[in-house]
Every structure is written in structure tokens, then in C-alpha cells.
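Here is a short walk through a protein model. Look over the sequence and the fold, then read on.

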Amino acid sequence: MMPTWPTASPPQGVPPSNGYTATYPVPAFTPVRVRQTFGQSYSAPQPSYPTAHPYGPAQSPPPVPTNFQSSAASPPTADEQPRKKVEWPDSVRSYVQRSFFPANMDPAVSREEMEAKLKETIMRASEDNVLYSIAWENMPLPQQIIKQEREERAKALAYSAQAQPLYTNAPVAISKKRKSTDLEDVANLSITPPWRTGQGARLEDRVTFSKDKRQATEESADNTSKLNKYEKRQKRFNGGYVSTYRSPSPPPGDGPVVGTCEKLEKNYLRLTAPPKPENVRPPRVLKNTLELLKKKWKNDQNYAYICDQFKSMRQDLTVQRVRDDFTVEVYEIHARIALEKGDLGEYNQCQTQLKALYKLGLEGKANEFKAYRILYFIHTANRTDLNSVLADLTPAEKKDKAIKHALDVRSSLALGNYHRFFQLYNETPNMGAYLMDMFVGRERLAALCNICKAYKPDVPLRFVTEELYFESDLEAAQFISDNGGQDLLQEKDGTIVILTGKAGQTFESHKAKAFARVDIKGQI
Amino acid sequence: MEFGPALYHEFGEAWKTRDGYRLAKTISPDLPPAQLSNIWQSANSAGNWKSARDDDVKAAIKRGLSSSPARLDGISQKEIKGWVEVYFAYWQATGILAEVQQTSSWTTAYEQWKVLINALIQGYNGHEFEAWTIPCLYVAGKHLRLFAMQADENTSVNDTSAAAFQDDFDPELQKHQKLEDCARVLNRVFSLCLSDRAPLEESRKWGLYYIINLLFKTYFKLNATGLSKNVLRILTAGRGDMPDFHAFPKSQQVTFKYHEGVLCFLEENYAEAEKHLTEAWNTCHKDAMRNKELILTYLIPCHLITTHTLPTEKLLEPYPRLQKLFLPLCRCIKKGELHKFDLALQEAEDEFVKRRIYLTLERGRDIALRNLLRKVFIAGGFEPVAKEGDKPVRRTRIPVAEFAAAISLGSEEKVDNDEVECLLVTMIYKGLVKGYISRERSIVVLSKSGAFPGTGV
């Protein structure tokens, strides 16, 4: 049921009800359809001001009694200006052109939305007679306005971005003349540009609102101890998070950004241009964020969320060129969390950065992470980098417990000494066991192949359980069966033995597969 | 060579005889600074070189080239234009190079030399340079690489704005900036040579192996084995159209085979590596001691893995450096002294790691162990002869404990039996020992015929 458009009534500022209404200026054009989405709904040029509901329930304005053509689907371009028969200043023209530049196009904002917003902005400016006084060069592009609005909306949950009462006192006469051909009567309007006052105030309201919310959380978070725990493996990382749309691009600045954002939490957005300072958190805010995240990780164990938050923290640190002990701490914690969840892609990123940071001379658990690096390279069978790491080790480092352990793991594997390997596996310091878990499976297969070739006619299952450090005979048997050896298990004299004599090539093919390709799930 | 009649005469002569190497000499920067300075000042013979404008210099060069005997031999206007650019760039480079010792502006020198090589590439692409002139590319490429390395050494790491857009940063990126740039330029030259469709006698493909070798050297320095493999792959793909490998100059063959061998070696593909390195070794000039030494550095560890053999003292005689490197290890391996082997390996570890042969030599321990076990076997004596006239057979049933004792010899810690068994298992699996282990009785049963393959026992 179509709403009735107030026809002859003087346009009032329609108070926003339930946050979704707005009076809408009558645009110069008559698009036939209205946006149902975020939409700037084009309302038909009415003899009066229509009450459009851009974000509310779907409505469409009545068909317009027009006496001019309108190309509904094509919003004004610079070339179509003559239609309005208004003089557009060059700055406006260039603003329009810039909006349409492919380089400025934003994938998250559809072209229609952008055009609609563009029209709206310009219309409003022309109606308010500020076409010449606005600094169009500094005006954010329609895409950016839309994105901002979305963000505000997402945060505020209250007001729509462009909601504003516009015309309070405009005389009726003008409304009658409000056609696309006739905007020169704008001069009659004498109100301040709506977006200067209304929208601005709204934004501030919104910001403080969320800030309060944020502060409340802050106070409740207490400082927990460092996240250096040796937890049991829990749910595996399942690739939950997805990075969202790109941030808008402000003009580039010089040097590192100085952040001003006070919000503790922030989703991760991949940057394509220098970030805006109000989106970047300064280090002191980040310190609080870290405490909050530590607590959240302990309580919720929500890896997707934590990873997202940590990535955005790392990003904030990088763009502000902050490279100090705090940065090291952030990376180390993230790396450990990633390890625990088996997220090797993310872990590798952190690891690379930590290496660079340690090289700058920063303190941190350099040895612990160097040991992890060695184990990581063993896992990915990256001989080149393994060689490089070995080349870089100092004698002091070689004596460090964790590094020595990693080196022993490497050499035992190189010589095929599985006995020693599994002993070492059992006594891995710090969180290296998570890394070793990644390749323990294939090493067990290799050891099994060796055993089957050398021992005849059989070996007790218990021997395999102990040598290969299975948790129990059952687990060992399960492993053997999983790899095609179920027929080799037999009972003899009250215990189970593995008929190594009959094993043949059973395990060889599985082993070949296990060693064939090392997959680091995620980015390099 | 100074700009003037001498240069143009040389140009003409080279053109007459189609002598690429002679031509290449004219753009060589390998001259003492004084001479470079002379060249820089001689360019504008028609006036004061200090105020020489680019166009004037170019015009002068053009006059000189046009009037040289080359004109008579069919150099086209287009080619002259190309060569003017080349010589102009060369002239500018000499100016910078003449002072580079004092100013250390290697980066500028590198950039200017890059202009030269670009002019050359442009020459082949647009100005119809002929294929016999490719030695110029050799000279240009070789020095590009040298300048790049100098430039890298002399610059410090500084922040680039690119870091701001990434999530993380990496100061290591800037360490070999110029060399990476050089690699890209060389790659372009490589494509240039590869893509020549002229018939083989006049093709630029003859320059391929020189450029490839330059590329390999660059990539090795950058530790970018992946990129080197790319080159190899492209090469195999294009092999059909190229002249036969053995038709190229021997020096290029040796260098190429050496690098190919080392690439395989680093990937632990020892069989392939052995093939390439052996070929390099055989083709190498008998007096090229340094090259032979380099080849041996990788060939010896390779042999160790593939044939389980050690270099003889005679082989290593002319190479004192290699002797120092390998002999201690070799002795321990021969004697089966495990503990001493470990010590020797540790001592020379840095040297080995630097050459990337540490991981390979580590596997020599297997051989040492095998030799040790063999000694135990032999020391076990013979079985009592079953019948008269039978050949005596060695005792084949050996308790694990005996091996354990042998292995613990020389080292302070006692190796537990399980570990000994594990080591034996590995030996058997790798084929160094033939036999099997009986867990129940803790005995190793060795094969009657050839328990230790390859050693005559």
C-alpha cells in the first residue's frame, strides 16, 4: 500500500521515527524506481516534499507527474548536467568525475548506490545554495559516504546515516517549482546545509554512544597474566574468519600514521591505501586491547574472533611503525595461539615478523621462537631455509635448551634414528609439541616401514607402542589399521604381535604419500 | 676507448669482421679511472665538454658512427640510431664510474649502467641490431651484476613507504634490492635471447648460456633456488629450437653444468646432481684449479651418498683447502669411529654450513656406523667349519649387545639397547646391512652372503 505523499502541506522536518525515516529532498530527476536497499530512495519529484523512507519498509513513490524526461537508471554524469539547466561549478563537475573513476570505485558499494548518493549530495548542495561554497575537492566521494554510513549504522543501531530533517521553513512556493529544470530558485532557501548540522551532530552522538559501551567493557576487563599456557589441544581451527571489505581511501599522508581511535576492538580489514587516523588505535589503546583479548581468549576460546582481532592489532602497529617490545609481545602471543590451534599460515606470518623484530635487537623469547622456526622448517621440509637458519646460529644459541632440542630433532630425523626422535618428542619444551604433531604422523609411518623390514618374524605390539610413543596399545593398533596393516595384527601367546615378516609393501605407499606434500594451510 | 677517430675506426673494424667481442670491448667499463675520465671528457670533440648538451653529444656520436667504415659494410640508419643511444649511455656511465671510487655512488653507477643495457635491449628489439653483436650484452650484463652487488653493499637499509600498506614489515626485503633489480633486467635479456626467431646461424640464442650463467650466479647469491629452477624449466621447454648444448663454448658448458648440479644437490636429488657435477668435472679445463675445487666441494659429498665411497688422498692432493675440509671426516668414517666423527663434524660445522654441505656430510655417519658394525662382524671370527673343505663362514648370529658395546666405544655415554636396535634397523632399511633382527632373542642375524654389501664381506 503506497504511502500518501503529503501534497500541499508545507514541508516540515519530519521527525525521525524509529530511526528509519527521513524527509528527502526532492531530487531534480525522476527515477522510476526507488532503492529498497540502503538506499537513497529516489523519490519522484513531487509538487511537494515527499516523505520518503529510505531505510524503512519498502515503499515506492507514486509515479511522478513529470513534464520532463528522466532517465531513471542513469544518474547524472558530468555530461548530463545541461538537463538541469543549472550552472555547475567546475569543482562539482570534477567531483562527479572523480566519483566515477574506476580507481575510486569500491566493490562493496554498487554503482547504483554510488550514483544515487552522488545525486543526492549534489542536489542537496544545490538546493541549499552552497554549490559554490562547499569545498568539493575535500568532499568525501559518494562511495566513502556510503561506507561511513554503513559503519555508523552498524555500530549505532539507531539512526540511519543520512537521516535528517531538512527543510523546515521552506515556503510552499518553492516546492511547487521544484523540478529538475529549475533549481535556480535555490536562492530562496535559507537554511544551513543539513549535513553540516544534523548529520554532524548525529555522528557525534553515535560515537559517544559506542564509546560509552566500550568504556564499560574496558573497566570490567582485568589484567590477566601472560598467555603462555601449555593447553591441551581443543577444537581445531576451522577457518572461520573472513576479511571484510576494504576501508575507504583518504588522501595519502607522509610518514607513519598517528592513530586516534579509542575503540578497543576492531575487525580486520585489508588495507589498500593509507588508513585514516581515526581508524587506527594508538599503542596505549592497543595495550588495553591486548589485555582484553587475553581474557577473552581464556574464557571463550573463539579462535576466529581472536585471530581477526590480533590481525587488526598487528596492522595498527605496522602502520604506526611501532616496533618495540610491545609489538614483539603481540606477535608472540598471536603466534602461540595460532600454534595451539594448528593454524600454520598465521603462525608462519608471525614467525617471519618476529625474526625481523628480533634482528632489530628487541627482547623477546627469541630462542623459543627460533626453536619453533627450526621445527617448522623440518615440517615443511624446507631445506634452503633450514640451511640458512643453521648458518645463522651462534654458539650461545646452540646451547639453549629449546634450540638444542630442535637441532637434535633435526639430526635424529636426518639419520633415521626414530628411537631418539620419539624420546625427544616426549620432552619438547614450550609449545613445540604442537609443531611436532604436524609431522609426527609421517615419521611414525617411516619408522613402521623400517621396523617391518628389519624385524622378523614379528614384534610385539607393545614394542611399537613404546618406541613410537603412542598413548596406548589401542592407539598403536588403530594407527596400524588406518594404514592398511590390520591383517598384520595377530594374537600370539596372549599378546598381540605385528607380523612384520608379512608386511611387505603395505606401509610403503602410505609413507610415500605422507611425505609427498607438505601443506601449510593458509597463507605463506 | 675515447670518443674520436680511434673509436669509430674500431667500430668500423669490428663491423667489417663481424667481431662481436671486439665491439664489446668498446663499451667495457673495465678501465682504470683515469682512462674513464678521459672518455668522459672526449665526447664532445666539437666544443667544451663541460657544457656539452645531450643532443650535441648524440649528434657528435652519430656523425662519428656514420662516417666510420661501418657505413660501407651495410649498417643501416636505424642501427646507427640505436648505437648512438648505446654509446651515449656509455659515455654518461664513464663519467660516473670515473669518480665512483671517491663518491661511492654505486647506486648511480648501477642505474646508469642499467640505462645502457636498456639501450642495448632496445637496440635488438627496435633498431635491428644483429646477432653477432651479442658479446656487448655479455659485457653489459656481467658488469650490471657487479655494480648491483657494489650498490647493495654501499646502501643502508631504509624504510620504504610500501611497508605501510602491508600488515607486517620486513627489513630483509631491502638487503639485495639492486641485485634483485639486476636479476629482473637479466631476465629480460634472457627472454630477448630466447625469443629470437632468426635462423640459428644468426640467432641471439647463442648468447643464452652466458646469460643463464649470469642469472644462476645472481640467483645463487640471492638464495632464490626457485627462480633458478624456473630458468631450467624454460630452457628445457625451448630446447628444441636451440643449438645443441655441446656446441656452446666449453667454459659456458662447465659453468652451466656446475650450477645445475648444485641445484640438484641442494634439493637432495643426489643421483641427478652426480651426473651434472661429473660432467662438469670432466669438461673442466685441467688448469682451472679454482673451478675444479668448487666442483669437488659438491661432488665429494654427493659421491658419499650415492656410492658410499670416499675420495682418495691422491684426488685431494692438489687441493689443500679441500684436504683440510674433508680429510679428518674421511678418516673417521673409514675407521668407523663414531664419536670422533661427531667431533670432527662439529668442528668444521661452520665451513660446511656455509657451503650448504653440512646436512649431506652428516649422513656420512651412516657409513661410519656401517664400517664399525662390519668390524664387529669381522672381529666375531668364524664359525666352526661344518665339513672339511668348506669355505669358512663368519659367525652370522651376533647379539645386539656386542654392537651396543662397539657403539659405546669412545663416547662417555652408554647407548641403550633399544637405540642400538633402532640404528641397526635403519642400517638394514637403507641396505647398508643385510639381515634381520629377532627381538625376542636380541640377536642380529646377518646374511651369509654379503652381509655388508659393497665392502667385500
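Among chain A contacts (heavy atoms within 4.5 Å) between residues at least 6 apart in sequence, 69% join residues at least 24 apart. This is a predicted model, where local features need pLDDT of at least 70, side-chain atom pairs count only at pLDDT 80 or more, and totals for chains, interfaces and linings use all residues. Residues are numbered from 1 along each chain as its sequence is written, chains are lettered from A and ligands numbered from 1 in written order, and side-chain values use heavy atoms, without hydrogens or water.

Chain A holds 18 helices and 3 strands. These are DSSP runs numbered from the N terminus: helices are H or I with at least four residues, strands E with at least two. Of its 524 residues, 52% are buried, meaning under 20% relative accessible area (1.4 Å probe, protein chains only).

Now find strands β2 (residues 489-492) and β3 (residues 495-498) of chain A. They run antiparallel, joined by 4 bridges; pairing requires at least two DSSP bridges. A:Glu491 sits opposite A:Ile496 in β3(A). The two strands form a hairpin with 2 residues between them. In that turn, A:Asp493 has a positive phi of about 55°.

Turn to the interface. Chain A contributes 51 residues to the contact and chain B 44. About 4100 Å² is buried between them; this is the accessible area (1.4 Å probe) lost on being put together, summed over both parts. There are 2 salt bridges between the chains, each a Lys or Arg side-chain nitrogen within 4 Å of an Asp or Glu carboxyl oxygen. A:Arg410 and B:Glu362 meet in a salt bridge at 2.5 Å, N to O.

Terms used. Buried < 20%, exposed > 50% of the residue type's maximum accessible area, 1.4 Å probe, protein only. Buried area = accessible area lost by both parts, 1.4 Å probe.
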